[in-house]
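Q: I have this one open in the viewer. Walk me through it, starting with any side-chain pair you like.

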Amino acid sequence: MKRRDFLKTSSLATSAFVIGFYIPSKSRAQDITQKESSLQPNAFVEIKSDNTINFIFGQVEMGQGTYTTLAMCIAEELNVNWEEINFKGAQVAPVYNHFYGPLMITGGSSSIIAKQLEMRKIGAVLNTMLKQAASKKWKVRAYDVETKDSKLINKRTKEELPFGEFVVDLASIKVPSDPKIKDLKDCKIIGKPHSRHPKEALAKVTGKADFGIDVRVDGLKYAAVLHPTVFGAKIKSFDASKAQKKVGVIKVKQIPSGIAVIADTWYIAKTALDEIKVDWDLGEFAKISTEDMDKQYEDAMKKEGASMRKDGDSVKAFKEASNVIELDYDFPFLAHAPMEPLSFAAHHKDGKAILWSTSQSQTLAFGAALKILGVKAEDITYNTPYLGGGFGRRGAINMDFAVEGLFVAKDEGYPILTLWTREDDIKLGNYRPKYKNKVKLALDEHGDITAFDAKVASQAIFKGSPFAMLYKDGVDGAQQEGLATHPYDINSHNMQAYTMESPISVLWWRSVGHTQTAQTVECSIDQAAFIAKKDPIEYRKSMLTNKRFINLLDDVALKADWKNRKKEENVGYGVAIVESFGSICAQIAKVRVTKNDFKVEKVWCSIDCGFAFNPQNVENQMISSINFGLATLLSSEITIKDGATVQSNFYDYTVTRISDAPDIEVSIINSGAKIGGIGEPGTPPILAAVANAIFDASGKLYTSMPIKMV
């Protein structure tokens, strides 16, 4: 190992041994400072004298199973009963930073990619140190000591002692510089299917797990905020005299995002909002509706856009084409709608702050606290409870809900939990952008695609953000990923992007740009196969050069018995394959079309993520992603009328219901390729596979989402 940095601390007073193990990424090597190396407790594993083993976690757990899989990685090398490991959220410190940059963040399906090797090496380091400590105590060679089930065993005398007996001894053991980890094929825990960690699962199903909205501390007060519903609207004046007289109301204060009511209970705070009279300056956007935005997008695409990809000679290809396919796609704004409403709690008093944050990025929320509260970093205590779903929403670049909670609690002297209603979350933006796409394909006399032109119009997610490097030369990263980088061997391309502006804040949504490029590519390719009168899978394979794609298509076709699929009236089969977040996922959907409706009956899913550390979790994530994506085909959409969002809650912003969920069969291929993510890659292909299946059944390709059959 090179460029490593070990950090260890031992506290005899608490009889606990804590170790941190830090391998900086290449991009961050220059960021390491002496100050950073001395930060404490920068640690990942804590062993106490009572044999308690705590896993100190820099990532957040929002249902994706990262706690379980990374605990498995440590346990594999440490040789402990992984079910006995406890979890503790980490404080904000550089040692927990992600390879995305100098920040702690959970997203991009990257937790296992970023942390698995680090966790395994930490386990191996501790294992070696424990053996050395035991060999000194027992006066035998380290070779004569083995670890098993959180115990050290003297192979000569058969004496056994728990790890906790060596907490003090560990402090005098030199940290090994080259820990050897197991070959993946030799592992007994990782690579095998495991259900969710029993301690996490038990806490959640018994209601004992603490989520963000569960913060309860002495003296806690609650806040609700009156927000403008028209995007871009501002407060001209307001009268809160009636609200302030309400029993239980402590304070009404204006903050940058609206008017906050602080009260003894959240119900009192929420109902007091109804007593506030506001004179709003609604602004120009109050005249805008979805139809107006549609026209703006169409008008923009009549002009020359920023180039996403240009190669070959598209003009010549279209002149010589035997067939030309032109398709228009419409993708609406989408809300994330996590089950747990957004919240942020803070206690700001005497120049210090305690935070309870449900942000996917501890660093961004921490930075907001530094700026808004004006406290020193060392005077902030940061707590990370469980997150009740995120899908990208809690990683909001603007940290809207965290910023709001900080402004509410600033200088109040008591802890305040600021809780959003679901209506707040659905109506206030940070949506997946609205996209309008145009595709034009040229086919030669054999039905082969000779040119692929495309236009994508949307607001930019990354422009002007801390991730501005992903907005370059007028092209947003989410506009082009999976489109300009599609896997098919086609000679000519001319792809352009258009950046639209509006006061609606936009954000990444589970699988980010692939949520619109998957359909743009895979439905268009399917139409080409239909025109060419060729089998959709064989047609794709003829244009693919990456064997992983071909293997996955063969695998999913085998699982679905594609060649022998039955021809039934009103039943169709559709296929799609998409690479995202380092993994490749192929899916076949079986769909039954009824009068003005459709039902997805079965989905076969094949995933190649390099190596499945926890196959059970990979399968769970595929099932979750498929059902998550189905909602956008069935019903989910955010529309705008008079500058405001029309939808407000689950009754009119519908997500996938149990009755909508298809039978799903998942096949996992351990190709040995570079490890990829699993949280998001299952969503993009289902969006195209279902649309292609409906076309197979009905002869009509739906390119506007959600699909409205008339």
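A: Take Lys559 and Asp555. They sit 4 residues apart in helix 16 (residues 547–559), so about one helical turn separates them. Helices here are DSSP runs of H or I with at least four residues, strands are E runs with at least two, and both are numbered from the N terminus.

Q: What do Lys559 and Asp555 form, and how far apart are the closest N and O atoms?
A: Lys559 and Asp555 form a salt bridge, with the closest N and O atoms 2.8 Å apart. A salt bridge means a side-chain nitrogen of Lys or Arg within 4 Å of a carboxyl oxygen of Asp or Glu.

Q: Is Asp555 buried or exposed?
A: Asp555 counts as buried, at 12% relative accessibility. Lys559 is partly exposed at 35%. The cut-offs are under 20% relative accessible area for buried, over 50% for exposed and in between for partly exposed (1.4 Å probe, protein chains only).

Q: What are the ground rules here?
A: This is a predicted model, so local features need pLDDT of at least 70 and side-chain atom pairs pLDDT 80 or more, while totals for chains, interfaces and linings use all residues. Residues are numbered from 1 along each chain as its sequence is written, and side-chain values use heavy atoms, with hydrogens and water left out.

Q: What pLDDT does the chain average?
A: The protein chain averages 92, and 94% of the residues score at least 70. pLDDT is the predictor's confidence in each residue, from 0 to 100.

Q: Where is pLDDT below 50?
A: Residues 1–14 are one such stretch, and the model gives it 47 contacts beyond near neighbours in sequence. A contact means heavy atoms within 4.5 Å. Over residues 21–42 pLDDT also stays under 50, with 52 contacts beyond four places in sequence. Where pLDDT is low, the predicted coordinates should not be read in detail.

Q: Back to salt bridges. How many are there?
A: The count comes to 42. Among them, Asp144 and Arg156 meet at 3.0 Å, N to O. Asp144 is in the loop between helix 3 (111–138) and strand 6 (145–148), and Arg156 is in the loop between strand 7 (151–154) and strand 8 (160–162), so the pair ties together parts 12 residues apart in sequence.

Q: Asp144 and Arg156: buried or exposed?
A: Asp144 is buried at 7% relative accessibility. Arg156 is exposed, with 57%.

Q: What about Glu412?
A: Glu412 forms a salt bridge with Lys251, the closest N and O atoms being 3.0 Å apart. Glu412 lies in the loop between helix 11 (400–409) and strand 19 (416–419), and Lys251 in strand 11 (residues 249–255), so this pair ties together parts 161 residues apart in sequence. Glu412 is buried at 12%. Lys251 is partly exposed at 34%.

Q: Which residues are linked in a network of salt bridges?
A: Glu298, Asp328, Asp330, Lys436 and Lys438.

Q: New topic: how do helix 14 and helix 18 pack?
A: Helix 14 (residues 514–532) and helix 18 (residues 683–698) pack at about 35°, with axes 8 Å apart. Axes are lines fitted to C-alpha atoms, for helices over the stretch in contact, and angles run from 0 to 180 degrees between N-to-C directions.

Q: Which residues make the contact?
A: Helix 14 contributes residues including Ala518, Gln519, Glu522 and Phe530. From helix 18 come Leu687, Ala688 and Phe695, among others. The contact residues divide into 8 nonpolar, 5 polar and 2 charged. Here Ala, Val, Leu, Ile, Met, Phe, Trp, Tyr, Cys and Pro count as nonpolar, Asp, Glu, Lys and Arg as charged, and the others, Gly among them, as polar.

Q: What does Gln519 touch?
A: Beyond four places in sequence, Gln519 touches Tyr329, Phe331, Ser524, Leu633, Leu687, Ala688 and Met705. Gln519 is buried, at 1% relative accessibility.

Q: Which residues have a positive phi without being glycine?
A: Phe391 is one, at about 60°. Its place is the loop between strand 18 (380–383) and helix 11. Asp411 is another, at about 65°. Asp411 lies in the loop between helix 11 and strand 19, and it is exposed at 58%. Phe391 is partly exposed at 27%.
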